[in-house]
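Please have your viewer ready.

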Amino acid sequence: MGEKKRILSGMQPTGRLHLGNYAGALANWIKLQDEYESYHCVVDWHSLTITYNETERIAQDTIDMVTDWLAAGLDPAKATIFVQSLVREHAELHLLLSMLISLGRLERNPAFKERVKDLNLRGEVSYGHLGYPVLQAADILIYRAHAVPVGEDQVPHIELTRELARKFNSTYGETFPEPETLLTPYARVPGPDGKKMSKSLGNHILMSDPPERVEEIVMKAITDPEKIYKGDPGRPEICNVYAWHYTFNSDQEQLIADECRQGSRGCVVCKKEAAGAISEYFAGFRKERSRLESDRGYVLKVISEGTERAGGVAGATMERVRKAMRLFSLEE
Ligand code: SF4
């Protein structure tokens, strides 16, 4: 592991993952684990920025999510899998980094502004919520990560992490590498309603959903509204069902697009095939997941070992940080 470049990426504990989570992040992590020394973190403190008073599901959601990671192929022999709140050095570095950034800079962060608008939070933004990208910077810098695999929407946060690394280095001496952004290949995985798949919108298909449930959701999907009869030519580029074929039935997607455009394909058959392709794509995953569900001890062991490994790295970084900042030490 030592010679490889290091990456860090996390997910908030949302329980079982849906197809959007898989295509937008997890599939990429699994690909990258052979090439990079990978650290993957359940960022449970981040989940408190909005839902600080709904903590009863965090523990089970953490187990459910890590079980999905493992069943999908994230390999604890290659990737360090851990929980943020168990490595308390993240909080220490967060505090120290928070001295190096102005309130104005945090308030100008486009992702923050968007979230405040979407959630109608004006006037009710917590100190922790505003500081979310500083905690994220601490999560990354504490592992002295070289790169961070993220989606396009997270790029401004990584820029802020780079700024904090530069500010720390120029103030106290070279300590942190400036992490690069490793852009996750874009995958459009809409819900059946055409909106971005999300649990909060209730338009999700879980990776672990049984075939009957997948079919039930897929059959309700909005397709090209101008394609009424089977013989009408369709526009796969605006069809949600085609988007699923594109990602989970890639061998057939070109043929499906051609048949749709020519009007030789009907939407009912196309939906049934999409449901079948999705279920088939995750068949091995579902099998492995049900095996892991009956072995909770193994999942806990993976988290425990990963946390220990992550804690070792984080502890060493904090020693460097305290020394660079000339903080008080009892050692002579
Ligand atoms: S035939 Fe398939 S790709 Fe074309 S509009 Fe209907 S569901 Fe979509």
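## About the model

This is a predicted model, in which local features need pLDDT of at least 70, side-chain atom pairs count only at pLDDT 80 or more, and totals for chains, interfaces and linings use all residues. Residues are numbered from 1 along each chain as its sequence is written, and side-chain values use heavy atoms, with hydrogens and water left out.

## H3 against H14

Helices here are DSSP runs (H or I, at least four residues), numbered from the N terminus. Helix H3 (residues 58-72) and helix H14 (residues 283-293) have axes that come within 9 Å and cross at roughly 130°; axes are lines fitted to C-alpha atoms over the stretch in contact, with angles from 0 to 180 degrees between N-to-C directions. H3 and H14 are therefore oblique to each other, given that angles under 35 degrees count as roughly parallel, over 145 as roughly antiparallel, 65 to 115 as roughly perpendicular and the rest as oblique.

On the H3 side, the contact (heavy atoms within 4.5 Å) is made by Asp 64, Thr 67, Asp 68, Leu 70, Ala 71 and Ala 72, and on the H14 side by Phe 285, Glu 288, Arg 289 and Leu 292. Five of these residues are nonpolar, one is polar and four are charged. In this scheme Ala, Val, Leu, Ile, Met, Phe, Trp, Tyr, Cys and Pro count as nonpolar, Asp, Glu, Lys and Arg as charged, and the others, Gly among them, as polar.

## H11 against H12

The axes of H11 and H12 also come within 9 Å, and they cross at roughly 155°. That makes H11 roughly antiparallel to H12. H11 brings Tyr 242, His 245 and Tyr 246 to the contact, and H12 brings Glu 253, Ile 256 and Ala 257.

## The cavity

The whole structure holds one cavity of 30 Å³ or more; a cavity is a set of points on a 1 Å grid over the protein atoms alone where a 1.4 Å probe fits but cannot get out. The largest cavity has about 100 Å³ of space, a volume being the space filled by probe spheres set on the points.

Its lining (residues with an atom within 4 Å of a point) has 14 residues, with Lys 227, Cys 239, Cys 260, Cys 267 and Cys 270 nearest the centre. H11, helix H12 (253-262) and helix H13 (267-281) each give two or more residues to this lining.

## The second largest pocket

A pocket is an open set with protein on both sides within 12 Å along at least five of seven lines. The second largest pocket has a volume of about 320 Å³. Its lining has 18 residues, and Ala 23, Tyr 186, Ala 187, Tyr 246 and Thr 247 are the closest to its centre. Helix H1 (19-32) and helix H11 (240-248) each supply at least two lining residues.
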